Amino acid sequence: MLNKTMQHLGEERSVIRELFEYGNGRKKIVGEENVFDFSIGNPSVPTPDFVQKEIRRLIDTVPPEVLHGYTSAPGAQEVRKAVSDHIETKFGVPMSANLVYMTCGAAASIAIAVEALCEEGDEFVTVAPFYPEYRIYVEGSGAKLVVSQSDEKFHLDIEALDKAVGKHTKAVIINSPNNPTGAVLSAEELKALSALLEKKSLEKGETIFLIADEPYRELTYGAEVPFPMNFYHDTILCYSFSKSLSLAGERIGYIAVSPFACHADDLFSAVCGAGRRLGFVCAPALFQRVCAASLGKSCDVEKYRANRDLLYGALTSLGYECVPPEGAFYLFVKALEENAVAFSERAKKYELLLVPSDSFGVGGYVRISYCVPRAVIERSFPAFKKLYEEYRPRSL
Ligand code: PLP
């Protein structure tokens, strides 16, 4: 017999992937230029030249058997050192290379962090709207995902979190800049969250951890992204180069355990153990080295800013409602009917592919990924207009 849970997981495509595949089918029928595919968060800004140059330099200078061979399970020592130096210099945290684990993007980082912490009966709390795969990682580890709603601007609602975090909570998972809303948590919010977690840890008599999922750290439009380890000691940072360097297909990122965490070395051992159990050892060797030379740098974020401004301006002037995103590359727009799935279905009539919000843990919105060529955004305006007018016909 098969593991039916895994079979089901494999058969059930995510809503985002489903829409993306649907879009590919439509493109073949009605032509690529007539489909407005805002479904997937695949970076559209080219991978920076300095990354391409570094790939070539490494290929030309490092012997292939070294470049493409195994590194240590947690990553090449010089790469881990580069990451810890970067964290120390940029954020003033006394990091150690021995607390850095190179892995396959943020997806593997979060899956490992959850697995490293999870014991029977545990709960992981996250804040909606949230990245849908959290549920897969948490439930896959045998824990329960508890969802706490954010406030109306998609920032932390500390009172709601106070109710959601309890004696079974093992960790709280946050994501800033946020997918799908683009919200960036402020220093005040992190202070309040940290105070809450300290209080709840005392009540529980055990540490409650903070998992900070940060694949969009570099993608902001003016907002500062405070560094969670500077606010809460027991933090596990999950970072990825997928979005910042447009390297999503290369599967590279890292986990950094805070040196301030209680028994940080033991926690790191648990991370290594979880990586081993899940099969995420020795992250892609070439890209470990490429990223070590590109820490803190990013692709041309201004291109995303221009897309954001164009789309936000056009949609709000048509009458759509949306909180202006401060980071990442998504707009979270109020659907024009309560049922976001029905709204997304209706948008398909105009070849607009918008992700309904339900799998992000809230109803009534759609996510629009604006990591697309600018021309797609420009061509989509008449479709958005027709969709709006179908719901709110203008009186003559
Ligand atoms: N976390 C969030 C919030 C994301 O949006 C994504 C990808 O879209 C991931 C994690 C996974 O990122 P990666 O491709 O680096 O595994």
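A: We begin with the terms: helices (H or I, at least four residues) and strands (E, at least two) are DSSP runs, numbered from the N terminus. On a 1 Å grid over the protein atoms alone, a cavity is a set of points where a 1.4 Å probe fits but cannot get out, and a pocket is an open set with protein on both sides within 12 Å along at least five of seven lines; lining residues have an atom within 4 Å of a point. This is a predicted model: local features need pLDDT of at least 70, side-chain atom pairs count only at pLDDT 80 or more, and totals for chains, interfaces and linings use all residues. Residues are numbered from 1 along each chain as its sequence is written, and side-chain values use heavy atoms, with hydrogens and water left out.

Q: Which helix gives the most to the lining of the largest pocket?
A: Helix H7 does, with 6 residues. At least two lining residues each come from H1 (4-11), H2 (15-30), H6 and H7 (133-140). The lining comprises 41 residues, and those nearest the pocket centre are Ser14, Tyr131, Pro132, Glu133 and Tyr137.

Q: How much space lies in the largest pocket, and how do its lining residues divide by class?
A: A volume is the space filled by probe spheres set on the grid points, which are joined across faces, edges and corners. For the largest pocket this is about 1400 Å³. As to class, Ala, Val, Leu, Ile, Met, Phe, Trp, Tyr, Cys and Pro count as nonpolar, Asp, Glu, Lys and Arg as charged, and the others, Gly among them, as polar. The pocket lining has 18 nonpolar, 12 polar and 11 charged residues.

Q: Where does the ligand sit?
A: A molecule sits in a cavity or pocket if more than half of its atoms lie within 2 Å of its grid points. Here the ligand sits in the largest pocket.

Q: Which residues come nearest to the ligand?
A: A residue is near a molecule if one of its heavy atoms lies within 4 Å of it. Around the ligand there are 14 residues, of which Asp213, Tyr216, Ser240, Ser242 and Arg251 come nearest. Helix H6 (residues 105-117) gives the most to this shell, with 4 residues. By class, the shell holds 6 nonpolar, 5 polar and 3 charged residues.

Q: Which N or O atom in a side chain is 2.8 Å from an oxygen atom of the ligand?
A: A polar contact is a pair of N or O atoms within 3.5 Å. The side-chain atom in question belongs to Lys243. Polar backbone atoms of Ala106 and Ala107 also lie 2.8 Å from a ligand oxygen.

Q: How many cavities of 30 Å³ or more does the structure hold?
A: Rolling a probe the size of a water molecule over the atoms shows where empty space is left. The structure holds 3 such cavities. Val127, Pro129, Phe154, Asn175 and Asn178 are closest to the centre of the largest one, among its 17 lining residues. The largest cavity contains about 150 Å³ of space, and its lining divides into 11 nonpolar, 6 polar and no charged residues.

Q: What backbone features do Pro129 and Phe154 have?
A: Pro129 is joined to Ala128 by a cis peptide bond with omega about 0°, in the loop between E3 and H7. Phe154 has a positive phi of about 70° although it is not a glycine; its place is in the loop between E4 (144-149) and H8 (158-164).

How values were computed:
Polar contact = N/O pair within 3.5 Å; in protein donor to acceptor, adjacent residues only side chain to side chain.
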